[in-house]
Amino acid sequence: MLKNGRLARHIIGAAWSELVRQLEYKAVLYGREVVRIDPWFPSSKRCSNCGEKVDEMPLSVRVWNCEACRALHDRDVNAALNILAAGQVARDVATSHARGGVGKTESRHTAAIRTK
Ligand SMILES: [Zn+2]
């Protein structure tokens, strides 16, 4: 079934849509918030400690050292920390835009990425 590329994309798209629907449903139920981030955000390639980004990171690399700060990262934990930080920044930007203060948020955006 997954050999049919078009059908496979529909199945994967439907599964992803259902996952997002469930997350949004549970978030409302438990008073949480789901924040969408850029799907191309380099969560695995960016050091969650200092913000340094590596150019290449094959999927086979599960643990790596940041060349800038020497932090040791588990690929998935590092990505999770980066996604959390990006989500918090996206939420803060949305909140700031709702209040009409764009400039102040941009500096917090940079700080949030670098401090994680
Ligand atoms: Zn680093």
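**Reading the predicted chain**

The chain of this predicted model holds three helices and two strands.

Visitor: In what order do the elements of the chain run from the N terminus?

Guide: The order is α-β-β-α-α.

Visitor: What is the phi of Arg-70?

Guide: The phi of Arg-70 is near 70°, a positive value in a residue other than glycine. Most residues other than glycine have a negative phi.

Visitor: How do you know that the span of helix 2 agrees with its 25 residues?

Guide: The expected span is 1.5 Å times one less than the number of residues. For the 25 residues of helix 2 (residues 75-99), that gives 36 Å; the end C-alpha atoms are 36 Å apart, and therefore the two values agree.

Visitor: Which residues of helix 2 are buried?

Guide: They are Asn-78, Asn-82, Ala-85, Ala-86 and Val-89. An α-helix has 3.6 residues a turn, so residues three or four places apart point the same way. To be called buried, a residue needs 20 or more other C-beta atoms within 10 Å of its own. Of the 116 residues of the chain, 9% count as buried.

Visitor: Which residue follows helix 2, and what is its phi?

Guide: Gly-100 follows helix 2, with a positive phi near 90°.

Conventions
Residues are numbered from 1 along each chain as its sequence is written. This is a predicted model: local features need pLDDT of at least 70, side-chain atom pairs count only at pLDDT 80 or more; totals for chains, interfaces and linings use all residues. Helices (H or I, at least four residues) and strands (E, at least two) are DSSP runs, numbered from the N terminus. A residue is buried if 20 or more other C-beta atoms lie within 10 Å of its own, exposed if 12 or fewer, and partly exposed in between; C-beta atoms are placed from the backbone.
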